[in-house]
Amino acid sequence: MQVRYGSLGRTGLQVSELCYGTWGIGKADWGGGDDDEALRSLGRAIELGVTLVDTALAYGEGHSEQLVGKALRASSETVHVATKVPPKIGGWPPPDDAHVDEVLPADWVIESAEASLRNLGLDAIDLLQLHVWSDEWVGQGTWPEAVERLKADGKIRFAGVSVRHGDPANGARLLETGAVDTVQVVYNMFEQHPEDELFPVAREGNIGVLARVPFDEGGLTGKIRPGTEFPEGDFRNSYFAGDRKREVAERVDAIARDLDVPVDRIAEMALRFCISDPAVSTVIAGMRSLRNVEANARAIDAGPLTDAELEALRPHRWVRDFHAA
């Protein structure tokens, strides 16, 4: 079992194609799991060659970052850390009429980065990402000044943005300016739309792409069925509200038929789909258990899907935003 590596765009950071996603281990929005299990899974991922961890100040109000820092101190391997600056005001995303200096003012970006450094126990963050972005903000605001100051002070190495669900082209204008080194975007067998506008711009500018939500919050694991229940407080109760579990299950069954694989291989195929586009540098997968870590590493080891498999998936594009509803 061998995790594969490549460059995170123009950063030059050599990162594994599999990135450990830590939203789930923050525990605030996901039911189940515990810190000891999270630390074991992080440690196993690092043993298997994962060299990039994606976290955020907002994940459990810093709890996720603290666990990442603990895992890194327990390992002698070189592991790169990406984290994110939350919006100062508003939700996810902030109000449409909010100015970028209300959401991501320079002092807030610096304050957040320094809080993340304390949580992680690091001297420098490899990649600091803005956790929300709107292309209406291009050329506006003081956040670039904060990024330059943090770089000059040696507190961060590179900067990027994480773009929201439901807007296929959001981020493309920013990438064209060259103001950031990476972009993180939802990309999976349902949400294929970043291929249309965002990925071509990223390739042109050698911008690193971090693909997130490869399993559609669990929908593309084959385990979400009409009768599936989630713990109280788990965000998936709203994400898969109403008749969505049935609709997702039917669509996943159709994908399995078209790929001629059993439903229990859909998670593997979902990860392999994400690394099949050459624009993608790494795919972020949440994996709170040792079982999931090892399954995801095996999937990456199997490599990209074939051209025939990718062609079979094109009709399964499904543009929707369950987070917004």
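In helix α10, the residues Ile 266, Met 269, Ala 270, Leu 271, Arg 272, Phe 273 and Cys 274 are buried, where buried means under 20% relative accessible area, exposed means over 50%, and partly exposed lies in between, with a 1.4 Å probe and protein chains only. Helices here are DSSP runs of H or I with at least four residues, strands are runs of E with at least two, and both are numbered from the N terminus. The model is predicted, so local features need pLDDT of at least 70 and side-chain atom pairs count only at pLDDT 80 or more, while totals for chains, interfaces and linings use all residues. Residues are numbered from 1 along each chain as its sequence is written, and side-chain values use heavy atoms, with hydrogens and water left out.

Because 7 of the 9 residues of α10 are buried, this helix is largely enclosed by the rest of the structure. Its buried residues pack against α9, β10 (280-286), α11 and α12 (307-313), with contact taken as heavy atoms within 4.5 Å.

One of these partners, α11, can be described in detail. The axes of α10 (residues 266-274) and α11 (residues 290-302) come within 9 Å and cross at roughly 50 degrees; the axes are lines fitted to C-alpha atoms, for helices over the stretch in contact, and angles run from 0 to 180 degrees between N-to-C directions. The two helices are therefore oblique to each other, since angles under 35 degrees count as roughly parallel, over 145 as roughly antiparallel, 65 to 115 as roughly perpendicular and the rest as oblique. On the side of α10 the contact is made by Glu 268, Leu 271 and Arg 272, and on the side of α11 by Asn 296, Ala 299, Ile 300 and Ala 302.

A search of the whole structure finds 0 disulfides, a disulfide being a pair of cysteine sulfur atoms within 2.5 Å. Cys 19 is in no disulfide, and the nearest cysteine sulfur, that of Cys 274, is 12 Å away. Cys 19 is buried, with a relative accessible area of 0%, and Cys 274 likewise counts as buried at 0% relative accessibility.

Glu 17 lies in the loop between β2 (14-16) and β3 (18-21) and, at 12% relative accessibility, counts as buried. Leaving aside neighbours within four places in sequence, Glu 17 is in contact with residues including Ile 275, Ser 281 and Ile 300.

Another loop residue, Asn 188, is found between β8 (182-186) and α7 (198-205) and is buried, with a relative accessible area of 0%. Asn 188 and Ala 270 are 82 residues apart in sequence, yet 6.7 Å apart in space, C-alpha to C-alpha. Leaving aside its neighbours within four places in sequence, Asn 188 is in contact with Val 213, Pro 214, Asp 216, Leu 220, Phe 273 and Cys 274.

Most residues other than glycine have a negative phi. Val 213, in the loop between β9 (208-212) and α8 (236-239), has a positive phi near 55 degrees and counts as buried at 12% relative accessibility. Asp 260, in the loop between α9 (244-259) and α10, has a positive phi near 60 degrees, but Asp 260 is exposed, with a relative accessible area of 69%.
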